[in-house]
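Hello,

Here is the structure I promised to pass on. Have a look at it first, and then read on for what turned up in it.

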Amino acid sequence: MSTNTQLPEAGEGLSPELIEAQRVETVIERVSDDRMVVNMGPQHPSTHGVLRMVVTLDGERVVKVDPVLGYLHRGMEKLAEVKTYNQYIPWTDRWDYLANLQNNVAFAMTVEKMMDLEVPVRARRLRLLACELARISAHLVFLGTHAIDIGALSVFFWGYREREKLLSFFEMICGARITTSYTRIGGVMRDLPPGMEDALKIFLREFPKSLDEVETMLTRNKIWMERTKEVGAISSEQAVSLGITGPILRATGVEYDVRKAFPYLDYDEFDFDVPVGSVGDVYDRYLVRVEEMRQSCRICLQLLDKLEPGPIEADDGKVVLPSKERVLSRMEDLIHQFMIVTEGPVAPAGEVYQAIEGSKGELGLYLVSEGLGRAYRMRIRGPSFVNMGCLAPMGEGGLVADLVAIVASLDPVLGEVDR
Amino acid sequence: MATAPDGQSVRGLDQETLARRTVAILEEVGGQPVPDVPLVETFRDQVAVRIPASHSFAVLERLRDDEGLRFDLLVDVTCVHWPHRPAPLGAFDVVYHLVSIQEGHRVRLKVACPDPDEGVDSAVPLWESANLMEREARDMFGVTFRGHPDPRRILMSDDFDGWPLRKDFPYRGH
């Protein structure tokens, strides 16, 4: 605290009160061997939800961090065993509630893989678009809250201003801003409204400029760098051992991205770079995420150029709900509709694992089916949950104020941590 | 337009080779396959190799260190409950998903665990990521991970009674 403060020599002209005050300060430092246990959260403003950390402190220094999870546990995996596949889609909105669209896509893809169902090209494109827009929107929340935790209030407003536009696009796509429930088993719920593509192109061209604005504010900012550089650094070996994925892993210099290593949704047809850091500190994580937003814009712009009209749902009467006219005029479609609604679209018995690169890391779904219209067991491998493992190695030994920066840089979404 | 199936490895080994190599490793460490069940299950271009609980740790260790396989990332540990499944497999499967970042491939291992109290060996000495995931698996299924350094409950509260993801745990009305 006052290690640089030197006691003035007697007779240097300081008032006796000041000399006394400084003496008291040194005494406090000397006796501060007592450790203090502090509960940070679950209602702490900097914990981004209901994260609780039991922090053992030695003065300002963090000795031990123990994350206490489960405050938002809703039994998402149990629920998957009683809801039909289509019924479950609204629940997927509530895992990582800042990037709902990508959860919708991950779930639908897993079930379709189980069914071995081919989805039309346009539906795949729309899903990819949804995933990348969700990534930008989630990273904008990271940017805003991270900055606010460190004290840059205006970045929060700038980030949310841009996110607001994205949420309006989500509303245009599926009618909801947060609880999107965009996918259906076999496709997506509806096509883009007229005029959306052009509006989106304008946004995607403008958006990197507002990122420049944020970067002007932060990237070379002395205070920002002081607070984030060399803070919470982790080596690439330890990050891999801890199972970290996503931007946190890439900030350590490991180039692992599910979109590149195990491509899905035709990601291999688009040009984009995977940004990596070198030090693995809070600053690198910030840089990686900012660059990821730019790359996502790049993917979306390429995609909009390639987007061609076509069906948005698979042509499989046993999986996709038939149109109302057909239900009212053909008996088979009436039966199919009844079965899909009551029993759910049936997937054969088996097990699949499907991973996507979520905004927080590898979002993997392990689905076990017994041949019914609902899952026998569904495991949600939430990246936020596994990423919580690096809280202790990053935070221990640092300062309390750094812990706030570290939590913000991990970008945990508690809906996904606790599920 | 024919596209490759979602999630297929770009530069890593294909799934059949991975299954063969894993089976070879199982033989090298002296493990006997679980009798009367298929050693390798293939479904939708994904393989799952069944490892006996007695040799799960040795196989995992070899998979991590093997030249050419290098499974450096333990992606997932979870359980599946089969309450009425007869011996020798028994009521629980512990499922591991491994990824090799270096080589770019992934594989699934299944370890049958008939007695949840006896459980399986913890993988924490091999991967730190096993710590949280095994804690969660125990919290939800009551399967013991022998040698786990911190086997507290994680998502449920410490005084919670029961194992929520077991099939005999009611969906509502507990």
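A:Glu230 is partly exposed, with 13 other C-beta atoms within 10 Å; here buried stands for 20 or more other C-beta atoms within 10 Å of a residue's own, exposed for 12 or fewer, and partly exposed for anything in between, with C-beta atoms placed from the backbone. Its phi is near 65°, a positive value in a residue other than glycine. A:Glu230 sits in the loop between α8 (222–228) and α9 (236–241) of chain A, where helices (H or I, at least four residues) and strands (E, at least two) are DSSP runs numbered from the N terminus.

A:Asp411 also has a positive phi, about 55°, although it is not a glycine. A:Asp411 lies in the loop between α17 (400–410) and α18 (414–418) of chain A, and it is buried, with 26 other C-beta atoms within 10 Å.

Before going further, please keep in mind that this is a predicted model: local features need pLDDT of at least 70, side-chain atom pairs count only at pLDDT 80 or more, and totals for chains, interfaces and linings use all residues. Residues are numbered from 1 along each chain as its sequence is written, while chains are lettered from A and ligands numbered from 1 in the order in which they are written.

Now to the strands of chain B. Strand β5 (residues 105–113) is mostly covered, with nine of its nine residues buried. On one side these are B:His105, B:Val107, B:Leu109, B:Val111 and B:Cys113, and on the other B:Arg106, B:Arg108, B:Lys110 and B:Ala112. β5(B) pairs with β2(B) in the parallel sense over four bridges (strands pair if DSSP finds at least two bridges between them), and B:Val49 has B:Leu109 as its bridge partner there. With β4(B), β5(B) runs antiparallel over nine bridges, and B:Leu98 stands opposite B:Val107. β4(B) and β5(B) form a hairpin with four residues between them, and B:Gly104 in the turn has a positive phi of about 80°.

One more backbone feature in chain B: a cis peptide bond joins B:Ala87 and B:Pro88, with omega about 5°. B:Pro88 is found in the loop between β3 and β4 of chain B.

Chain A has an open sheet of three strands in the order β1-β2-β3, with antiparallel pairing. β1 (36–40) and β3 (61–68) stand at the edges with a single partner strand each, so one side of each is left without a neighbour in the sheet. β1(A) and β2(A) (residues 52–58) are joined by five bridges, and A:Asn39 is partnered with A:Val54.

How many residues does each chain bring to the contact between them? Chain B gives 36 and chain A gives 41, a contact being C-beta atoms, placed from the backbone, within 7 Å. On the side of chain B that touches chain A, β3(B) supplies the largest share, six residues.

Not counting residues up to four places away in sequence, A:Leu367 touches A:Thr110, A:Val111, A:Met114, A:Glu351, A:Val352, A:Ala375 and A:Met378.

Best wishes

How values were computed. Two residues are in contact if their C-beta atoms, placed from the backbone, lie within 7 Å.
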